[in-house]
Amino acid sequence: MDFSLNNEQKDIIKAAREFALGEFPDRAQEFDREETFDQGLWKKACELGFIGTFIPEEYEGMGYGFFENCLITEEFWAVDPGIAQAIISCTFGSELLILFGSDDQKTSILPGLVSGEALIGTAITEPDAGSDVTSATTTAIRNGGDWIINGAKMFATNGNLADHMIVFCLTDPENPSRHQRHSFILIPTNTPGYSSSKIRGKMGIRASDTAELSFSDVRVPIRNLVGVEGNGFKELMAFFNRTRLHVSAQAVGLARAALEESIKHTKKRRQFDAPLASFQVTQFKMAEMATWIRAARNLYYEAAWSVDHGKIDHALIAMAKWFSAQMAVRCADEALQMHGGYGYIDEYRVQRLYRDAKILEIYEGTKEMEKTIVAKSLLA
Ligand SMILES: Cc1cc2nc3c(=O)[nH]c(=O)nc-3n(C[C@H](O)[C@H](O)[C@H](O)COP(=O)(O)OP(=O)(O)OC[C@H]3O[C@@H](n4cnc5c(N)ncnc54)[C@H](O)[C@@H]3O)c2cc1C
């Protein structure tokens with residue numbers, strides 16, 4: 001297996017890094033403190049071709065693999081995770097449409113996601129259904145030629161901004177199999193009965209919008225079913241097998257930023273008449289971080305490469321996701337430690353990285369759920 005990057009991939013990395021370095025650093029602290037974001041940055045990223053690169057060319061995307069999207073994700077996160085997430089998550093759900101959407105859904109929605117005219121989200125989690133997605137109770141009931149949706153969702157990324165939300169709904173509650181009771185339904189967010197409210201006070205990635213959603217007799221046509229009725233759980237797992245690659249790339253980007261800050265700070269800061277970087281204990285911390293980053297990147301490279309080559313290895317993807325996330329949390333912790341008291345203050349970027357890192361172990365499957373997937377594959 002050869003993971004050396006071709007020239008096009010190297011150019012993608014270079015362009016993504018230049019864009020992020022040019023646009024993110026000056027705004028990062030403000031967005032974090034205010035829990036806001038400038039949608040103009042997302043539009044700019046779309047104009048420059050960074051968004052939806054994995055969307056097929058026939059729907060105005062670039063037709064790259066998920067691997068290339070991971071490269072962009074890593075570079076954006078290496079500059080600022082909050083802004084990166086606000087931008088990159090704007091296509092969260094397009095993977096479902098690519099895999100399972102009807103021609104009509106793909107044609108009417110995907111081009112707008114690439115051009116920056118529209119934004120999408122996917123809502124699975126509910127107040128009482130998190131890791132156990134099969135306990136989701138938001139219902140979609142057939143009524144003539146329509147679905148009528150009632151219920152609530154929690155923690156929906158872009159819930160206040162999205163034009164379309166793909167919602168995981170209970171469509172066959174009596175089915176004896178918990179894995180055949182749900183289906184995905186596409187809901188335009190201007191449909192009467194859809195409402196959202198912003199969740200404030202997040203620990204990290206505060207530039208990214210997170211919402212609580214409620215559906216009260218939301219009526220959409222039957223054709224808004226995404227995929228096959230009753231196959232929602234299976235489709236969700238296929239979706240996560242793509243999006244978890246991105247989380248792994250996010251983690252590698254964040255950990256790189258943590259290492260960069262550590263190197264910068266420990267070369268400059270002197271104690272006991274010497275730079276912190278001259279102490280072996282500091283050097284070992286940085287050597288470990290560099291090694292963890294490399295190991296995590298190799299995992300996601302292999303996982304993404306496999307997906308793009310039609311080989312879906314659930315366990316490998318789960319390994320890449322939990323390992324990278326845990327690695328990023330550790331790197332951010334070590335980086336803050338090397339900053340001492342300064343790292344505890346939000347003027348220092350490392351404090352933000354420390355806070356931004358934790359979500360990686362939670363969303364799109366907690367690290368415990370990922371390890372469960374790995375363990376199941378070992379014991380099968
Ligand atoms: C900022 C943010 C953005 C998000 N974006 C989205 C989004 O766009 N769409 C969406 O649908 N969701 C989103 N989520 C929700 C996220 O995916 C869930 O928070 C996550 O899946 C965990 O669910 P939970 O919070 O209900 O925790 P719980 O499921 O209640 O888990 C709590 C703890 O118990 C552990 N646990 C649970 N069951 C087991 C078990 N069987 N064995 C061992 N340990 C277990 C978990 O690992 C975790 O540590 C987002 C969350 C956040 C915070």
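D217 sits in strand β7, which covers residues 210-221. Before I go on, please keep in mind that this is a predicted model. I start with this residue for its backbone: D217 is not a glycine, yet its phi is positive, at about 50 degrees. Is the residue buried or exposed? D217 is exposed, because its relative accessible area is 52% and the cut-off for exposed is over 50%.

There is another aspartate to show here. D273 also is a residue other than glycine with a positive phi, in this case near 65 degrees. D273 is found in the loop between β9, residues 270-271, and β10, residues 274-275. Its relative accessibility is 72%, so D273 counts as exposed.

Now the ligand. How many residues surround the ligand? The number is 19, and the closest of them are I124, T125, S131, F155 and T366. By type, the shell divides into nine nonpolar, seven polar and three charged residues.

Where in the chain do these residues come from? Three elements each supply at least two residues of the shell: β1 at 120-123, β3 at 146-157, and α12 at 367-379. Strand β3 gives the largest share, which is three residues.

Next, some individual contacts with the ligand. At F155 the backbone takes part: one of its N or O atoms is 2.8 Å from a ligand nitrogen. At T366 a polar atom of the side chain lies 2.6 Å from a ligand oxygen. For E368, a side-chain N or O atom and an oxygen of the ligand are 2.7 Å apart. As for cover, the ligand on its own has 970 Å² of accessible area, and the protein covers 63% of that.

The last topic is salt bridges.

One is between E23 and K44, whose side chains meet with N to O at 2.7 Å. This pair links distant parts of the chain, 21 residues apart: E23 belongs to helix α1, residues 7-23, and K44 to helix α3, residues 39-47. E23 has 21% relative accessibility, so it counts as partly exposed. K44 counts as partly exposed as well, with 35%.

Another salt bridge joins R355 and D32, where the closest N and O atoms are 2.7 Å apart. What separates the two partners in the chain? They are 323 residues apart, with R355 in helix α11, residues 349-357, and D32 in helix α2, residues 25-34. On accessibility, R355 is buried at 16% relative accessible area, and D32 is buried at 7%. Both count as buried because the cut-off is under 20%.

My last pair is K198 with D209, for which the closest N and O atoms are 3.7 Å apart. K198 is partly exposed, at 33% relative accessibility, whereas D209 is buried, at 5% relative accessible area.

Finally, some salt bridges share partners. Which residues do they join into one network? The members are R17, E74, E75, R256, E260, E261, K264, R297 and R349.

Terms used:
Residues numbered from 1 in each chain as written. Predicted model: local features only at pLDDT ≥ 70, side-chain atom pairs only at ≥ 80, totals over all residues. Heavy atoms only, no water. Near = heavy atom within 4 Å. Polar contact = N/O pair within 3.5 Å; in protein donor to acceptor, adjacent residues only side chain to side chain. Areas by Shrake-Rupley, 256 points an atom, 1.4 Å probe, with all protein chains shown as cover. Helix = DSSP H or I, 4+ residues; strand = E, 2+ residues; numbered from the N terminus. Nonpolar A, V, L, I, M, F, W, Y, C, P; charged D, E, K, R; others polar. Buried < 20%, exposed > 50% of the residue type's maximum accessible area, 1.4 Å probe, protein only. Salt bridge = Lys/Arg side-chain N within 4 Å of Asp/Glu carboxyl O.
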